[in-house]
Amino acid sequence: MTLDSKIPEGPVKDKWTNYKFSMKLVNPANKRKFSVIVVGTGLAGASAAATMAELGYNVKSFCFQDSPRRAHSIAAQGGVNAAKNYPNDGDSVHRLFYDTVKGGDFRAREANVHRLAEISANIIDQCVAQGVPFARDYGGLLDNRSFGGAQVSRTFYARGQTGQQLLLGAYSALMKEVGKGGVTLYTRREMLEVVIIDGKARGIIVRNLITGEIERHEADAVCLATGGYGNAFYLSTNAMGSNVSATWRAHKKGAYFGNPCYTQIHPTCIPVHGDYQSKLTLMSESLRNDGRVWVPKTKGDTRHPNEIPEAERDYYLERKYPSFGNLVPRDLASRNAKQQTDEGKGVGSTGLAVYLDFAESIKRLGEDVVRARYGNLFDMYERISGTNPYKEPMAIYPAVHYTMGGLWVDYNLMSTINGLFVLGEANFSDHGANRLGASALMQGLADGYFVAPATIGNYLAETTLEKLDTSHKEFEKSENEVQARIDKLLSIRGEKTVDEFHRELGQIMWDNCGMARNEKGLKEALVKIPALRDEFWRNVNVLGSGDSLNQSLEKAGRVADFLEFAELMVQDALHRKESCGGHFREESQTDEGEALRDDENFAYVAAWEYNGVGVEPTLHKEKLEYEHVKLAQRSYK
Amino acid sequence: MAGKTLNLTLKVWRQKDANDTGRFEIYRANDIDVNASFLEMIDVVNDQMVKEGKEPIAFDHDCREGVCGMCGAVVNGQPHGIQEETTLCQLHMRKFSTGDTIVVEPFRARAMPVMRDLIVDRSAFDRVIQAGGFVSVRTGGTPDANAIPIPKIDADKAFDAAACIGCAACVAACPNASAMLFVAAKVTQFALLPQGQPERQERVLKMVSQMDTEGFGNCSNEYQCEAACPKGISVANIAVMNRDFLKASLKKG
């Protein structure tokens, strides 16, 4: 199968407008005859489900949590980008487009990114109309700030809880449609299979997490908005339940996986402090607007940070990148922190941390201003670490945060399975090899409110869909597969807990496929992961039964999928011999230690086709063409 | 970093499903790092229990950053435990001392039945929002975001109300199992914003009506909800809601 990205013809700035006009429409009276399943209720899923119901489709919305409002988009702190140019500082659709392509280290599709930049402004209008309480200035207009790696102020925010407010906006739209009957809501359901009939996605199999019942649901199209796979690393800033299962099951049924090795390690998180630790907590990178990153100039300096004089501190980001300073993109900030700790200059009891210091800002702006900007983040830091960041610098370290890779999709956001659409973080599309701050919320909502409802309509209008119900043999087959897996997991009764396996997998991934990667380490991981997977299926201990609420069983299913997926991630990282964005191959760096791309050989999307567990997957390449943004080495000096 | 450790006794509510009567069971939690969160402490206990062939304690949790609203239990009689404005996932073990006995039980209310151990059914909250906790705008066709200026003070107050995470600690804390703080926070958010005005009266009537239907109790000014709220939502919101409710009811006649 050849990959067809279906990018419309014409100049990049007209593609989306012209394409919308060329799409087939479903007659308003006929829309209610179509049904669409949306899995996931984060920004992308909730907005897509609500919008499609508003258009008249019958929507079924699924989430594994007890309420759609829990989806992990809720935890996004910093903000959402939009090319509104309200501050009159030179922003435009073209600049947002340009920054995003460049920030993604030239590994995203120009056409998709341009569409994203065009739609960005509508998102803000939509959210304000829903009653999202964005930050405002004293004149009553919306306030903007500059955010990770941007030289214009285009980020809209709601204190440090932008994700929460945007998600509650999308959730309220979803609830409105549930109340009207356009959306049927299925909470505490975990998707365990996609059902494909005659080459088209026609339904899903889910487990009811309360009763344990396996349910069949059919539809005319299926949308996955199930988030990223950062928890392959065990410790990440993702929620505990975030998982790869939905996308991985779709991959096993024929959806290609795009660029799985592109993972974002966020530079400002609270450092790891013990084995029992279950997750890492992000401190919004908006903190880098007023915080200065430093380490002691001398290795092994164990003095209290407040006792280290100015002259003995190395503000390494300001020194190395004078024009961007502390605001360099995430991948650079993370890698530089690792370099410092590798050189033995790390701080704190583990030596795996650097300082983020607000002393100068507090002096310049006053504690009140700093509190108004970051109060909730400072409180959170104090609750977790037990130290007061108004009095001494924060200790921070990079942590896995976001995954740019995901299921490969064409311009319509449709995967290589007809009728299977993939939205938000779950797809691979708009961020290339590195996502800029405040772009995830923008992409999730662009996909959900504006792109998918249009392209799915086009699919439904131009596709012949047989009437069918869940008694079809493919549903039965998929259900049997799901049941067999559950029975197997419950029958092993080995010696190790699910978490022990997950922790071991995470360590392998962090050591060998983390912030810096090399051939030797990746090859080692390709030996260790299958061995761990074999042990899992022989020696995991999942207690209880399948016919009741069983959280160990839920976790076991997710970890089983991570154990398969992780291998693909490493294979992708091994094959991509260049460094780009969040993927840093030690073999490919400049003399100054910066990431060195190889555009001649790697300016493509790697889309992997599944061939079986432990079997070498097939690589398909989608060549990336750059007409508007000139390929260049990124420089933030 | 291995911090100081604690040895604790846990009295935990165990209940197989909604039909089971449930009971407290006693567990030891030994060598718990003071830097662990409360939920990480339960993780450690659970891992140990699985090793001993006992089914682990079921509890809801997800983001573990204090914002998703999924976690929560009554710890030593207080929803989310002793620390003010802190969810259970953000409560850290340094707040306890070695030798402590900690009682852990689910949020209890007739409208939120226990499903298993510490997990309760909070779907009533979703239904209250479905009744009117939104602005009826469709996607697309909305005016420019800066078309309607909103005084900063109103936007900030609306944010304070909108910060509710829907965890239901307010219900668990209330002697009447009232959900008024939750409902009032949503009502107030929209009452403060121009976008919320067209449906202001209808919204409050519908949401209050659904709240009653779900079986939540009424407010008798105990202020326990505010004390338990991990996001510091003020009871002043309830006053706003009561005033709006009265106005809307009179107008409706």
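Hi everyone, let's start with one pair of residues: E609(A) stands opposite T618(A) in strand 20 of chain A. This is a predicted model, where local features need pLDDT of at least 70 and side-chain atom pairs count only at pLDDT 80 or more, while totals for chains, interfaces and linings use all residues. Residues are numbered from 1 along each chain as its sequence is written, and chains are lettered from A and ligands numbered from 1 in the order in which they are written.

Back to that pair. Strand 20 (residues 618–623) is joined to strand 19 of chain A by six bridges, and the two run antiparallel. Strands pair here if DSSP finds at least two bridges between them. Strand 19 (residues 604–609) is also joined by two bridges to strand 11 (residues 257–258) of chain A, again antiparallel. There, G258(A) stands opposite A607(A) of strand 19.

Now let's zoom out. Chain A has 17 helices and 20 strands, taken as DSSP runs numbered from the N terminus (helices are H or I with at least four residues, strands E with at least two). Its radius of gyration is 24 Å, close to the 26 Å that the globule rule gives for 637 residues, so chain A is as compact as a globular protein of that length. That radius is taken over C-alpha atoms, and the rule is 2.2 Å times the number of residues to the power 0.38. Along its principal axes, the C-alpha trace spans about 75 × 60 × 50 Å.

How much of chain A is buried? Of its 637 residues, 60% count as buried, meaning that 20 or more other C-beta atoms, placed from the backbone, lie within 10 Å of the residue's own.

Of its 21 residues, 20 are buried. The helix bends by about 35° at I119(A), the angle between axes fitted to the seven residues ending there and the seven starting there. Just after helix 5, G131(A) takes a positive phi of about 95°.

Finally, the partner chain. In all, 66 residues of chain A are in contact with 68 residues of chain B, contact meaning C-beta atoms, placed from the backbone, within 7 Å. Which helix of chain A gives the most to that side? Helix 6 of chain A does, with nine residues. Helix 5 (110–130) is also among the elements giving two or more residues there.

Note on methods: Contact = placed C-beta atoms within 7 Å. Buried ≥ 20, exposed ≤ 12 C-beta atoms within 10 Å, placed from the backbone.
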